Every structure is written in structure tokens, then in C-alpha cells.
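Good morning, colleagues. Please look at the structure before I describe its fold and its cores.

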Amino acid sequence: YEVPESNKKEKRIKFTSNLEADKQSLLEAFELNFEAPLKSWDSTKISFSKDSSFTPIKDYSIKLDSNKLKLTLSYKWDTATLYNLVLPKDFATDISNRQLLKADTIRFQTKKLEEYGQAILTFKGLENIKNPVFQMISSDKVKNAFPLNSKKLDIQLYTPGEYEFQILQDDNKNGVWDPGDFFGKRTQPER
């Protein structure tokens, strides 16, 4: 990985988050995306707390992806709650030996339940489909897949938007569509 020439003069480590208007989704992990890969980082230096009194949180996890570009904080979020992520100046160093110039506090609030949709779907004719899986598709990507163990599916929290629906016949019960194997086992794609 080579840092672009225009960014080599920058003295501080740069990152963005996956927050939407300073709000955290209840359904996703919090992410910090770095401009350049991290050379080193220390999760014990990071402080994670909630509300304005900075009450410490213990039951969370932080992981760095294999490309060393994305730090993911996983936690079971409470609705409409203020969270604080304190990053000390020396919590991380990127491959250009850049760090934060000073400690940084990222404050964000989780979304409210009212910001999500709910759906109760009833299906007919599933008895003719082997291992049916209900798939929700947006922008030509499967966003979620729900194995159908009964004729009714109750989705409590879902991000509002436009979705296509399809039912997958999941022959091998792995939850995803398999394209088949013409040259090897000579299996047909799943329907």
C-alpha cells in the first residue's frame, strides 16, 4: 500500500466513521475507516462509555480487519443513547508514522426504534420449496436472508428503504445462493 503523494504532508492520522448524521445504527457495528493502513494500534488505550457522565462499558469488542484499514467496535446498542469513544493521541500509528495530534472524543447517539420499520409476512405454497430462504435485496445485493421455518416471518427492526424480495430454494442449507458446478460435481444452480 502506498500513501498518495498529496497525503504524505499530512501530519495526523485520518479516518472516517460509518455514522449517519452522527447517529449509530442499532443493527450494525461502529466502524472507523482509516486512510492508510495501521502499522500498530492498542485497543487497551481506547475508552468506550455511555451518557454524559462517561459511564464505562465493558462488554464490547474491537477488531482490526486484515487490511488494517477498518476498526470495528461491536456492541449490543441501546436505543436513543449517547455513547463516547475516546481515542488517545497514541492509540494508533499508520504506515506513514502518523498519529492523532491530540486525544479525540467521538460522541454519537444511537437511533430510536421509531426510525426502523417492522414487517410481518405470511407465505403460501412453501411446502413445494426445499429449505426456503426469504431474501431482501437492495442495489442488486442481498441485504438479509431469513430461513423460513414456518409460514410466518416477523421482522422487528429493519432499515426503511426499497427492497426486492425473492425466495431461494436452499438445497445445501447454507443460507446463500450457490451457482452450481458445471466442470466439477456437475451440480445445477440453486433455484
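**Overall form and nonpolar cores**

The protein has a radius of gyration of 22 Å, whereas a compact globule of 191 residues would have one near 16 Å; the radius is taken over C-alpha atoms, and the globule rule is 2.2 Å times the number of residues to the power 0.38. This is a predicted model, in which local features need pLDDT of at least 70 and side-chain atom pairs count only at pLDDT 80 or more, while totals for chains, interfaces and linings use all residues. Residues are numbered from 1 along each chain as its sequence is written, and side-chain values use heavy atoms, with hydrogens and water left out.

Along the principal axes, the C-alpha trace spans about 60 × 45 × 30 Å. The protein has 16 strands and 0 helices; these are DSSP runs, E of at least two residues for strands, H or I of at least four for helices, numbered from the N terminus.

Of the 191 residues, 31% count as buried, that is, under 20% relative accessible area with a 1.4 Å probe, protein chains only.

How many residues has the largest nonpolar core? It has 24, and F30, F48, W77 and L85 have the most contacts inside it. Such a core is a set of buried Ala, Val, Leu, Ile, Met, Phe, Trp, Tyr and Cys residues joined through side-chain atoms within 4.5 Å. Two or more of its residues come from each of β3 (30-34), β8 (70-74), β9 (82-87) and β11 (104-110). A second, separate core of 9 residues includes M136, L153, I155 and Y158.

Definitions and conventions:
Buried < 20%, exposed > 50% of the residue type's maximum accessible area, 1.4 Å probe, protein only.
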